[in-house]
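Below are my notes on the model, as numbered points. They take the chains in turn and then the contacts between them.

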Amino acid sequence: MMSNLVSAFELVHSFDASLFQIIGLSLFVSLSAVAWSALISVPLGALIALNAFPGRTFIVVVINALMGLPPVVAGLIVFLSLSRSGPLGSWGLLFTPTAMIIAQTLLVTPIIAALTRQTIEDAWIEYRDELTAMNIGVAARAATLIWDCRYSLMTALLAGFGRAAAEVGAIIIVGGNIDGFTRTMTTTIALETSKGDLPRAIALGAVLVGIIILVNALAWSTQRLGARFSGA
Amino acid sequence: MKRLHTLAALAVLGILSITPASAEDKSIVVASTTSTQDSGLFGHLLPAFKQKTGIDVKVIAQGTGQALDTGRRGDADVVFVHAKSAEEKFLAEGQSTKRYPVMYNDFVLIGPKSDPAGIKGTKDIVAALKTIKEKGAPFISRGDRSGTNIAELKLWKVAGIDIAKDKGPWYKDIGQGMGAALNTASAANAYVISDRGTWLSFKNRGDLVIAVEGDKRLFNQYGVMLVNPAKHPNVKAALGQQFIDWLISSEGQKTIADYKINGQQLFYPNATDPNA
Amino acid sequence: MLALTSDLPMALEHVSVVAGGVRILSDVTLRFSAGAPTVLIGPNGSGKTTLLRVAMGLLHPSSGTMTWGGYERVAPQRRAIVFQRPAMLRRTAAANIEYALASVNVSRDLWKQRTAELLAMVGLSGLGERPARKLSGGEQQRLALARALGRNPEVLFLDEPTAALDPHSTKAIEDVLETIAAKNIKIIMSTHDLGEARRLAGEIVFLNHGRIAETGSSADFFNAPTTSDGQRFIAGELLI
């Protein structure tokens, strides 16, 4: 065990080029998924928070439930859709990083949407009278609340990133874990462990945890400093 | 503060605008087995092929059964597997028009040093399996329709054992690849059938050693096929055929033979063998 | 919705508001015209806040009609309100005012100047860049007033604007209200400070138990209230 840890340490230090390619791809996939998801789910969450419509409660319950969508199920759904024999097969996206981004976006959207809805709903209780009295229209209300709550919403994005960066089930199914192309930190850890190459698996595990901690710290400090300086 | 916001917005836009390299550059998807990947063969072969032709080979490593299914769905251009009966079925279905033998190696029965079934050193794999069952010694099966799994099930049949009916708690069906099976065998002090290539490159042996080898029935043949473009128009037939042609060319065959771990050769090229 | 030239006169006709089985306003008929401030007074729970919300258009009557310039359901274009506990946007004080200016389509190049004017009017010059939520209670109330004025209203509602403030802030707000009343902005406010009502009002509306108990000019009401409840209220008795 000790020798494995030592080798892992040496690997990280030697800045193995392929290691960096894997780390880079992991970040690219997960960050892209969060970015695309935010584009959809922040406005969606805000609109649900601010409007009454038939079936609203049902939608809220479904979105909350989907936060627990098992990654492998998300992977399976995307796999069946993108396979050449599936409905979107002509796009030729299976076994590409794009497929991985799609699968992770699917996983992350319910989380960001649900947290956004909660945040905006809470803020609306406070802002409702003022914004109604100022005759602010529906879209402008959403924009105002999203902007004013941007630091809290960052926490939602962070939760999404955590989920994306940590999962392996979805991306291994839709990405195929192809060497040099769709291999990420989590899929490599799974592979190297199954090959018995523990130093490499441990090295990547340490890097992955380190990155998650770093991103959390970054977002937390941005939230605190930003909130302090802008009064948000 | 505003500058920070602009920077953040640009970063996000930057991420969103990067499209991963399009699949229009020269590449093919090969559905292959975990044994060819885990043994490190592809790591040795593919760079040589890329250097010669500039073609990127993207390997999806699955069990033989899964790999052939990937071919059936049209999600791969070439399949490179090791279960002749399954490959011939693939051909019969019209999923490919020609099967090319490429190389062979052999399977070995791996087991713990302590040898609970008392079979270490025998040359008769069928007798060994019979003994394992009689003694109820722990045995790991891959259970994933891989070439290795198909071979294992065939051997039980030859031993006259209906393993699906007669298995007991000593028989553990894990449904995973070769590396995982070896890991499990190592942790559970159990027997497992492995291809020699993966065994030689496996780094987590623990107390495992080769228990039985050399039986002719442990012969393991690999074949490669182009997925039929008539059935799946998206298949990159020309590039795929280039890969196959290279594998069976004298250059490709030599590259295969050159792959060694600790001086030991893992795969033996036999593309010219008419019986393979 | 129509964009009228004027929200005045505002008229409540037999307005009742029932919520949760409780009658908050009963058969209120009232008319607001341009001119001196109208001050609503009455014990807690008499319906002052609800009346203001109906007149502002935030609350629809359960029965009866509320009209502005003769029309029902007119969006609040020319009227603004300062709530008892105003909500501050999570921005600087100046940004709060700019938000109000934007909401009435004041062009961007006028923002800086107008914001400075409004801050000066309510005595908050120099606090423009402070996060609004970090202002004191009195400062927040004044900012809310500046924000409401930023919408260039014809009618300004205030719900107990000085209830939670110290005398210094109270005076500051009352001074501003006197100034804008002089500029012909119609002020309609509630208070439970009779002295304040006396200081500011042109017209008094005395509410009790959700009904209008008495109305009249400030001088008439305070010198000689005609109803016994009115008399008891001025005398400081508790009206239960």
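What percentage of the 276 residues in chain B is buried? The points below start there.

1. Buried residues make up 46% of the 276 residues in chain B. A residue is buried if 20 or more other C-beta atoms lie within 10 Å of its own, exposed if 12 or fewer, and partly exposed in between, with C-beta atoms placed from the backbone. This is a predicted model, in which local features need pLDDT of at least 70 and side-chain atom pairs count only at pLDDT 80 or more, while totals for chains, interfaces and linings use all residues. Residues are numbered from 1 along each chain as its sequence is written, and chains are lettered from A and ligands numbered from 1 in the order in which they are written.

2. Chain B holds 12 helices and 12 strands. Helices (H or I, at least four residues) and strands (E, at least two) are DSSP runs, numbered from the N terminus. Along the principal axes, the C-alpha atoms of chain B fill a box of roughly 70 × 55 × 40 Å. Among contacts in chain B with a separation of 6 or more, 76% are between residues 24 or more positions apart. Two residues are in contact if their C-beta atoms, placed from the backbone, lie within 7 Å.

3. Chain B is split into domain 1 (25–104 + 222–269) and domain 2 (106–218); the domain bounds come from an automatic or database domain assignment. Taken over C-alpha atoms, the centres of domain 1 of chain B and domain 2 of chain B are 26 Å apart. Between them, 19 residues of domain 1 of chain B are in contact with 16 residues of domain 2 of chain B. On the domain 1 side of chain B that touches domain 2 of chain B, α2 (34–38) and α4 (64–72) of chain B each supply at least two residues. That side has seven nonpolar, 11 polar and one charged residues. Here Ala, Val, Leu, Ile, Met, Phe, Trp, Tyr, Cys and Pro count as nonpolar, Asp, Glu, Lys and Arg as charged, and the others, Gly among them, as polar.

4. One backbone point in chain B is worth a look. B:Asp115 has phi near 50 degrees, a positive value in a residue other than glycine. B:Asp115 is found in the loop between β4 (96–112) and α6 (125–135) of chain B. With 14 other C-beta atoms within 10 Å, B:Asp115 is partly exposed.

5. Two pairs of chains are in contact, and chains A and B share the most contacts. The contact between them takes 24 residues from chain B and 24 residues from chain A. On the side of chain B that touches chain A, α1 (2–17), β2 (56–62) and α9 (178–188) of chain B each supply at least two residues. α9(B) gives the most to that side, with four residues. By class, the side of chain B that touches chain A divides into 12 nonpolar, seven polar and five charged residues. No contact joins chain B and chain C, whose closest C-alpha atoms lie 12 Å apart.

6. Chain C has eight helices and 10 strands. The C-alpha trace of chain C spans about 55 × 40 × 35 Å along its principal axes. Chain C has a radius of gyration of 18 Å, which agrees with the value near 18 Å for a compact globule of 240 residues. The radius of gyration is taken over C-alpha atoms, and the globule rule is 2.2 Å times the number of residues to the power 0.38. Of the 240 residues of chain C, 45% count as buried. Residues 24 or more positions apart account for 68% of the contacts in chain C with a separation of 6 or more.

7. An open sheet of four strands in chain C has the order β2-β1-β4-β5, with antiparallel pairing. Its edge strands are β2 (22–32) and β5 (71–72) of chain C, each of which pairs on one side only. Two strands pair if DSSP finds at least two bridges between them. Strands β1 (residues 10–19) and β4 (residues 63–68) of chain C pair in the antiparallel sense over five bridges, and C:Ala11 stands opposite C:Thr67 in β4(C). Helix α1 (residues 48–56) of chain C lies across β1, β2 and β4 of chain C, running at about 125 degrees to β1(C). Axes are lines fitted to C-alpha atoms, for helices over the stretch in contact, and angles run from 0 to 180 degrees between N-to-C directions.

8. Two backbone points remain in chain C. The peptide bond from C:Leu8 to C:Pro9 is cis, with omega near -5 degrees, and C:Pro9 is placed in the segment before β1 of chain C. C:Arg73 is not a glycine but has a positive phi of about 50 degrees. C:Arg73 lies in the loop between β5 and β6 (79–82) of chain C and is exposed, with 12 other C-beta atoms within 10 Å.
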